[in-house]
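Morning, everyone. Please have a look at the structure on the screen, and then I will walk you through a few spots.

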Amino acid sequence: MANYDYDVLIIGAGPGGYVAAIRAAQLGLKTACVESRATLGGTCLNVGCIPSKALLHGSELFDEVQNGHFATWGITATPTLDLGKMMAEKTKAVGELTGGIEFLFKKNKVTWLKGHAAFEDAHTVNVAGEKVTAKDIVIATGSSVTPLPGVTVDNAGKRIVDSTGALDLDEVPEHLVVIGGGVIGLELGSVWRRLGAKVTVVEFLDQLLPGMDGEVRKEAGKIFKKQGMELMLSHKVTGAKVDGKTVSLTVEKSAGGDEQTITASHVLVAIGRRPNTDGLALDKAGLALNARGQIETDDDFRTAVPGIWAIGDVVPGPMLAHKAMDEGHAVAENMAGHTGIVNRDVIPSVVYTAPEIAGVGITEEQAKERGLAVKVGKFPMSANSRAKANRDTTGFVKVIADAETDRVLGVWMIASLAGSMIAQTVQAMEFGATSEDIALTSHAHPTHAEAVKEAAIAVTGKPIHM
Ligand code: FAD
Ligand code: NAI
């Protein structure tokens, strides 16, 4: 048996890599994690989930005062914005959390190897000129922004930015054009709209939020429009030119034609993300990519090369932090000879706008495509007593269940607290629940979560409060 430096070497310290490293060390494996960034935590903690949620929270507080919600409750206030302070608070949150991972690495005796990793062979990587060997290597290198030809991102210039730049603007844009009506576009578009920017979203498809349930997408479009976002659906940007503080964009219909020029003070490119594999020298390890540039694995996260595993955004599946974390945990269990499983059918997704948008499992459209007979139950938040009391009645809950077995196949919702409400349905689906199981489960009153129970009742019967 070869003598390796480590039992396990993980490349990348994002949610996938750091969880894999900590779990592997907890299971008694000698573990190192290579990270080229100055701080641990990957995209999620440094330039993704955490800073975006911090700004969503701060900007929502500002918006609550501005948009009349305070006035509804007889409170008047004139808010002023100190953007520098808001950004500093976001940076503080990021620092505390990335520092927390460093603490956890030390506590669990995970060695952080600083630098960029490139394979030399299936058991050897080069990190900052040093050869490091391991019995098992996990690729958890994540993803980065997909570039848009003709629209060059320059985060330092702060005019045409990607999500990283949009999290760090030093002024509120006068007019922000967001290219891409997906999760990033809507979350960060919401941040800047709330802080005072005019926001135009240019989306290639005829609806926002691809992948989500059709009714949810339609309703989301109405809500964002009502909030003041201009939506240019079925349009694409074909070029952008910066001239001082103005960006001129050429926009045309997705199918081509009707070219027009729109001007903006700032542009956010958010048309998706692609796996990070450049500079890894995968060929030296004998690994190939699939047509989408991803590393394929089996259900245990083994790649085609024995001893090499892969998880997170670099493998197929939704690019979500919790999915990466679950895979990180599972791959560590598998490397240690235990059983690590991730149920790919039950991974929730949440858009942290106001209201929040959340879903798990299949959409009604997917049920149709797969020829599945389903029953659907819906309940509006306007009939939920807590939402009514709080005056936040936008949205609905939709439960999709198998017509024959009643097993819940998908749940979709728009509601102020959808990101928290989805959790009970994820757990129910994980346990193979029927809509009746949810309908007969006691839900505290008055809570927004009661809308889930009522939507479940609506699958086979009649909700009480509608
Ligand atoms: P990453 O987090 O991308 O980490 C990979 C790490 O590997 C990076 O730190 C990188 O520097 C390092 N690396 C890459 N190559 C090498 C190499 N060769 N050598 C050394 N190190 C290397 N998901 C959610 O679930 N919820 C959210 O709210 C959410 N918000 C987001 C907001 C934004 C603006 C963005 C951009 C993303 C958001 N995501 C969110 C997605 C989430 O960030 C990713 O799904 C998650 O970070 C993927 O984790 P990962 O471990 O696979 O990779
Ligand atoms: P996305 O895939 O969510 O949305 C990209 C959008 O851009 C799509 O609607 C697509 O149709 C559109 N598009 C593509 N090309 C276009 C073009 N040329 N012109 C106009 N529109 C175009 O990708 P996004 O928003 O960049 O996010 C990347 C990833 O990060 C997602 O996979 C998401 O899961 C993850 N993320 C998750 C968050 C969360 O869980 N709350 C928050 C932010 C990101």
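Let me start with a question: which backbone oxygen lies 2.9 Å from a polar atom of the side chain of Thr31? It is the backbone oxygen of Leu29. Keep in mind that this is a predicted model.

So where does Thr31 sit? Thr31 belongs to strand β2, which covers residues 31–35. Is Thr31 buried or exposed? Its relative accessibility is 1%, and because buried means under 20%, Thr31 counts as buried. Now its contacts, leaving aside neighbours within four places in sequence.

On to the ligand. How many residues are around ligand 1? There are 38. Gly16, Glu35, Thr43, Lys53 and Ala321 come nearest.

The side chain of Thr43 has an N or O atom 2.6 Å from an oxygen atom of ligand 1. For Ala321, a backbone N or O atom lies 2.8 Å from a ligand 1 oxygen. For His322, an N or O atom in the side chain is 3.3 Å from an oxygen atom of ligand 1. And the cover? On its own, ligand 1 has 1000 Å² of accessible area, and the protein covers 93% of it.

Which elements build the shell? At least two residues each come from α1 (15–26), β2, α2 (42–47), α3 (49–66) and α10 (321–335). The largest share is from α2, with four residues. By class, the shell has 16 nonpolar residues, 17 polar ones and five charged ones.

Last stop, α10. This helix has 15 residues, and at 1.5 Å a residue they should span 21 Å. The end C-alpha atoms are 21 Å apart, so the two values agree.

Why do we call α10 largely enclosed by the rest of the structure? Because eleven of its 15 residues are buried. Among them are Ala321, Lys323, Glu327, Glu333 and Met335. What do the buried residues of α10 pack against? The helices are α1, α2 and α3. The strands are β1 (6–11), β6 (130–139) and β17 (308–310).

One more detail. Just after α10 comes Gly337, with a positive phi of about 90°.

How values were computed. Residues are numbered from 1 along each chain as its sequence is written. Chains are lettered from A and ligands numbered from 1 in the order in which they are written. This is a predicted model: local features need pLDDT of at least 70, side-chain atom pairs count only at pLDDT 80 or more; totals for chains, interfaces and linings use all residues. Side-chain values use heavy atoms; hydrogens and water are left out. Buried means under 20% relative accessible area, exposed over 50%, partly exposed in between (1.4 Å probe, protein chains only). A polar contact is a pair of N or O atoms within 3.5 Å; within protein, one must be able to donate a hydrogen and the other to accept it, and residues adjacent in sequence count only if both atoms are side-chain atoms. Contact means heavy atoms within 4.5 Å. A residue is near a molecule or strand if one of its heavy atoms lies within 4 Å of it. Accessible areas come from the Shrake-Rupley method with a 1.4 Å probe; for residues, only the protein chains shown count as cover. Ala, Val, Leu, Ile, Met, Phe, Trp, Tyr, Cys and Pro count as nonpolar, Asp, Glu, Lys and Arg as charged, and the others, Gly among them, as polar. The expected span of a helix is 1.5 Å times one less than its number of residues.
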